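Subject: Handover of a structure

Dear colleague,

I am passing on to you the structure shown below, together with a summary of what was found in it. Please keep it open beside this message as you read.

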Amino acid sequence: MSELKFPFTPLPRTGGTVTSDPVPPLADSDRKPLTKKEISADHPTWCPGCGDFSVLALYFKLIERRKMWHEKVTTVAGIGCSSRFPYFVQAHGAHFIHGRALPFASGVSLSRPDLHVFVFGGDGDAFSIGGNHFSHTARKNIKMTYVVMDNFVYGLTKKQTSPTSPIGFKSKTDIWGSLDRPINPLKQAIAAGATFVARTTHTNPNHVLEMMEAAMDHDGFSYIECLSECVEFYPGAFDASNPRKGGKFDLVPKEHDVTDEYAAYRLADTAWPGCFGIFYRNPRPTKNANEAKIIEEHRSKVSGLADWEILQKSFARMK
Amino acid sequence: MSAVAEGPSSADGQSRLTKINEAVIRIAGNSQDGIQAIGGFLARLAGRSEQEVMTFMTIPSTISGGPSIFQVRIGSGDVLSAGDEADMLLAFYQHSYEGHINSVKLGGIVLYDSDHVTPKPEWLERYRHVGVAISSKTVEAIGGTGRDKGKNIFSLGLLARIYDLDVEKITKLLGERFGGKDATILQNAVTCFNAGHSHQLQDLLKTYQFRHAEVRGGQQVVMNGNEALAFGLIAAGVRFGAGYPITPWSDIMELLRRELPKYGGTFVQCEDEIASISMAIGASWGGRVAVTGSSGPGISLKTEALGWASMAEMPLIIVDVQRGGPSTGMPTNVEQSDLNIACFGGHGDSPRVVLAPSGVEDCFYTAIEAVNIARKYSTPVLILTDQGIASRIEAFIEPDLRKVCQDITPDLSPVPDHKPYDLTAPDGVTRHLAPGTRIASGKYPVVTGLEHDELGHPTGSPKLHVAMTAKRRNKLRKLASDLPVPAVYGPSEGQILLVGWGSTYGPMREAVDTFRSLGDAVSCINLKYVNPLPGGLDEIFKGFRHVFVVELNDEGVYGYGQLGAVLRARHCDPKIRGITKVDGLTWKVKEIVDRVRAAVGGAPVKA
């Protein structure tokens, strides 16, 4: 019985790396900021004029500006137009199933604290099929940055109603106009317990980058609601927030207290097109930190013991 | 009690001592009576006395209350099942007495609580009745306001007297179980036990003593299947898991949550089944094989993500502790009806590996093999256990932990280049490269559920879909060729071959022994590697006239159980037939024997 048919064996790596010479480690001093050329991969498959292009460009800029190490950048997404993101980034990436990017990213974040975890997705992924995960990832305050490129419509499947479509929006599934009250993502995030909630729009690149940097620096679950226009199925959706289209881009009032949950909630209720900036930022211990603390406590009790010896102690109580 | 031999009268002259090889004791009461505790003590005692032990229990699916039983079979030889018939029934209530009297063999002992049970005259002749006022004697012993709480320990004392159990060892076990902050708890337990043990059993003519067991090479550990599986995962190096509570899987997640931090690991309780498999996949992508698991309905919910793991070729462990289905079904009963979903569940062609441990000890080692297969072949691996194995307690030789515990920390040293889905890889086997690994070429992989090229970028190319589908399939063919051919229990030629998997193994093997003892030419094989199946089965089947696949699921529209249908599809052999049942209970040896006889129409099965 105790003979394992599949015992532990050191496994050689595969994928074109087998016969090559070992690669020397890279000294920190040899690290240079990644250029756009180095960090960009496939040409995006988005329609010309899509708001997502600007989010991608600013992500590249963020990686460059913050001098992130190439191998430490991870990009995770679910399903949707915007969720194609990882293919366009030349870095370790995962294109997961619809709506489940957040739990996937949680697994990465909790098991690999050395990595930068960025999640990109759309409003369907975040608030419809993945709505449950949005609440719980926020509640658990798992360290990662989540950018939702919200276009108020299902684009990849060609114009069905989204959970953020305004009432009256005519789609293929609501030909008489949408009937259901849309979700307010900011209120949802604040109520769920997100510790960083910001709002931006693809038409203001500097602001997008500013929010991304602030989100990245936040120790916890940081959520950015980024208006990103679907030029194909909901053109002009965000004109009211674009000064070049006659709209107005209002920043979050200077006097707003970002640690005041109720004030943030009220601000999130500002009439369309609302305002932009950080609505809520109130750090509390992350799940990453809480779990690390539990591990530390338990490890201190078994310090100096090999794993098999710890297991042996458990077995000793089962004799 | 098999092989009963009369021994000399005991010293007190009241009762005679009989040497026995084994005993089956069924304890019946309500779920809050602590009858699992008695069973647990007996099992642990057997383990320490180098005896074999196997238990069987039923629990109601309600939170508190409801009838519950615990059956213990202790023996000095091989114990492969919990026993068909009980030598002794310990009944706390009238309903326990009436409901379980049929499980006692004729002439067996019924030990009942005379405070609650009135024996039926018609049964008095068929079974030896021993009445003890267990409830009131317990109250008398401990006094105070404890009412009859502790009657389970009092009963343990009675059993210790009847079976001449090692009082010193039991007292030590009581100390380990109840010794804590409040000294009176242990004191009460010992008082109860002593009261039971010193109680004079006027009505009992005989007492029993187990023959000494052969010394087995090493110390035994005693645990249930869920515990063995969880500890096996820890030994295998798994340090991250995610799950959602569901019976009977929850025990595993509770244990991992409690234990993993000692090893630097974490287990996360998620918002739902889908999140838990997704989180485990995320952690696996992080570089170290992670685990998720569930039972019944939860496995259905996980199948989309399971398909992703197959497509993206991500190592992952999924535990399925099967219970009665479909839907909410029979949550606390046993069934082996998830074989189809485990092997084939999901949309598209999504090859994955399925292993089925056959007992508690096998759970421990299967967990390690599953992790190593997942790593080696970069594939999701399902461990298909069932409620029967999950909740039963067995004693087995402590594994050589220094040897089996393994370190599977990912290698993050830089590589020159990497294609996650390299089509030139021998047998289609590629390995996952964890993020955080620098790739000198600057070309980084994406893992994905879209059909993809060698670097993981999406493609609509029919050629690539054909090639990648073949890659995912071929690596499982390679695994199949690496699998050991199952060993035939019994001669390799005969009339009937029984084929079983999972918890069917023990009773099936005992059925073979029963047949053989009558001169019938019956053998069996156990299929642990369910998907892919090992090679060599055709050769084995050739040696027999009939092949019966014994399993706990429905015979289905076409008349075969789930594994039976797979074997028929694969081997196109009309002599493969099914013997199935869905009564929510594990196989009894006699059931298998009778069903086999019926299936051959009473024809002779001699060699």
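Chain A is divided into two parts, namely domain 1 (33-284) and domain 2 (285-319). Please bear in mind throughout that this is a predicted model. The C-alpha centres of domain 1 of chain A and domain 2 of chain A lie 38 Å apart. Where the two meet, ten residues of domain 1 of chain A are in contact with five residues of domain 2 of chain A. On the domain 1 side of chain A that touches domain 2 of chain A, the residues comprise three nonpolar, three polar and four charged.

I turn next to a pair of helices in chain A. Helix H6 (residues 131-140) of chain A and helix H7 (residues 185-192) of chain A have axes that come within 8 Å and cross at roughly 45°. H6(A) is therefore oblique to H7(A). The handedness of the crossing of H6(A) and H7(A) is right-handed. H6(A) contributes A:Phe134, A:Ser135, A:Ala138 and A:Arg139 to the contact, while H7(A) contributes A:Gln188, A:Ala189 and A:Ala192. By type, the residues of this contact of H6(A) with H7(A) are four nonpolar, two polar and one charged.

The interface between the chains is the next point. Here 63 residues of chain A are in contact with 82 residues of chain B. Several elements of chain A give two or more residues to the side that touches chain B: helix H3 (85-88), strand E2 (92-95), helix H4 (101-111), H6, helix H10 (287-301) and helix H11 (307-316). Of these, H4(A) gives the most, with eight residues. The side of chain A that touches chain B divides into 29 nonpolar, 21 polar and 13 charged residues.

A:Thr145 is found in strand E4 (residues 144-150) of chain A. Is A:Thr145 buried or exposed? A:Thr145 counts as buried, because 25 C-beta neighbours lie inside 10 Å, and 20 or more are required for that label. Apart from neighbours within four places in sequence, A:Thr145 is in contact with A:Phe118, A:Ala215, A:Met216 and A:Ser222. A:Leu11, by comparison, is 134 residues away from A:Thr145 along the chain, and the C-alpha atoms of these two residues are separated by 34 Å.

Yours sincerely

How values were computed. Residues numbered from 1 in each chain as written. Chains lettered and ligands numbered in written order. Predicted model: local features only at pLDDT ≥ 70, side-chain atom pairs only at ≥ 80, totals over all residues. Helix = DSSP H or I, 4+ residues; strand = E, 2+ residues; numbered from the N terminus. Buried ≥ 20, exposed ≤ 12 C-beta atoms within 10 Å, placed from the backbone. Contact = placed C-beta atoms within 7 Å. Domains from an automatic or database assignment. Nonpolar A, V, L, I, M, F, W, Y, C, P; charged D, E, K, R; others polar. Axes fitted to C-alpha atoms, helices over the stretch in contact; angles between N-to-C directions. Parallel < 35°, antiparallel > 145°, perpendicular 65-115°, else oblique. Left-handed = near helix turned anticlockwise from the far one by under 90°.
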